[in-house]
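Let's take a quick tour of this protein, one topic at a time. Have the picture open while you read.

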Amino acid sequence: MKIVIITGGSRGLGRSAALQCASRGMGVVLTYNSHPAGAEAAVAEIEKAGGKAAALALDVGKSASFSVFRDQVTETLGRVWGRKNFDYLVNNAGYGLFEPITTVSEAQFDGLFNVHLKGPFFLTQTLLPLMADGGAILNLTSATTRVATAGVAPYASFKGGLEVLTRYMAKEFGERGIRANSIAPGAIRTELGGGLNDEFEAMLSAQTALGRVGEPDDVGRVVASLLSEESAWINAQNVEVGGGYII
Ligand SMILES: NC(=O)c1ccc[n+]([C@@H]2O[C@H](COP(=O)([O-])OP(=O)(O)OC[C@H]3O[C@@H](n4cnc5c(N)ncnc54)[C@H](OP(=O)(O)O)[C@@H]3O)[C@@H](O)[C@H]2O)c1
């Protein structure tokens, strides 16, 4: 059984990815930050369907906590799966902020940087010794790296950095057979940045070739499929999953 660690699995895209990976037979370690109940509910849903999962607390913005998290992952892998290592890492956790460049504070900038670029960098570094050769890393970036969207400059800049980092991960981890790709969602119906209202959704749908916003499973399915052996020759790519967003 392959085992995947998904950050931010308590809701949204991470939760969908956890359920989709479990439905394809993977064991899932999902993390939560402020919503333990959401994470426990996802674990319960996976177990009800006959799968195996565990939830751990993690603040991706606090890299000083990563070595303790690694110890918890080691304990969990041994207790739940009788294993010392895992196969896949999905750096998904994140949050949005709408603020023009002219008024973004240094604290807002640093917060986004810590969660969207520094966190995935050092979490991957910390967990890599526990990842099996032949594994895979998937980083969640954003279509805002391609389409400039006023109000999300720091977020999009760090996602752009994560997209570049993905290629460097592929370069440096390839000798262990570890692939690294990123997924750039278009507009997906989650609670990110406060979620969608009717007017915002209508605008985003009109900007999407397939005429609607995405649902979490539109992305969760692609996460599971890019991790799977069928995608074994896809490496160092950024895959936009947005139904044709602003083309
Ligand atoms: N939805 C979209 O349209 C869209 C588009 C492009 C990119 N993305 C990216 O996709 C990823 C998932 O977003 P989503 O739409 O699923 O958002 P969401 O519904 O708001 O869920 C965010 C998830 O990230 C976790 N999280 C937030 N801050 C965290 C932190 N500091 N440390 C650890 N976990 C943290 C949350 O955990 P708790 O609930 O436990 O706090 C939650 O599980 C993000 O990286 C986002 O930037 C989303």
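A residue counts as buried when its relative accessible area is under 20%. F158 comes in at 8%, so it is buried. Keep in mind that this is a predicted model. Here's what turns up around F158 and beyond.

**Helix α5**
- Helix α5 runs over residues 153–173, which makes 21 residues.
- From first C-alpha to last, α5 reaches 30 Å, close to the 30 Å expected at 1.5 Å a residue.
- Quite a few α5 residues are buried, among them Y155, F158, L162 and F173.
- The buried residues of α5 pack against α4, β5, β6 and β7.

**Aromatic rings**
- The structure holds 4 aromatic pairs.
- In one of them, the ring centres of F109 and F158 sit 5.0 Å apart with their planes at 85°, so this pair is edge-to-face.
- That pair links distant parts of the chain, since F109 is in helix α4 and F158 is in helix α5, 49 residues apart.
- F113 and F158 also pair edge-to-face, at 5.4 Å centre to centre and 70° between the planes.
- F113 lies in α4 and F158 in α5, so this pair ties together parts 45 residues apart in sequence.
- Put together, ring pairs join F109, F113 and F158 into a cluster.
- F109 is partly exposed at 38% relative accessible area, and F113 is partly exposed at 29%.

**The ligand**
- There are 29 residues around the ligand, and R11, S34, N92, Y155 and T190 come nearest.
- The side chain of S34 has an N or O atom 2.6 Å from a ligand oxygen.
- A backbone N or O atom of N92 lies 2.7 Å from an oxygen atom of the ligand.
- The protein covers 95% of the 900 Å² of accessible area that the ligand has on its own.

How values were computed: Residues are numbered from 1 along each chain as its sequence is written. This is a predicted model: local features need pLDDT of at least 70, side-chain atom pairs count only at pLDDT 80 or more; totals for chains, interfaces and linings use all residues. Side-chain values use heavy atoms; hydrogens and water are left out. Helices (H or I, at least four residues) and strands (E, at least two) are DSSP runs, numbered from the N terminus. The expected span of a helix is 1.5 Å times one less than its number of residues. Buried means under 20% relative accessible area, exposed over 50%, partly exposed in between (1.4 Å probe, protein chains only). Contact means heavy atoms within 4.5 Å. A residue is near a molecule or strand if one of its heavy atoms lies within 4 Å of it. A polar contact is a pair of N or O atoms within 3.5 Å; within protein, one must be able to donate a hydrogen and the other to accept it, and residues adjacent in sequence count only if both atoms are side-chain atoms. Accessible areas come from the Shrake-Rupley method with a 1.4 Å probe; for residues, only the protein chains shown count as cover. Rings of Phe, Tyr and Trp (its six-membered ring) pair if their centres lie within 6.5 Å; planes under 30 degrees apart count as stacked, over 60 as edge-to-face and the rest as tilted.
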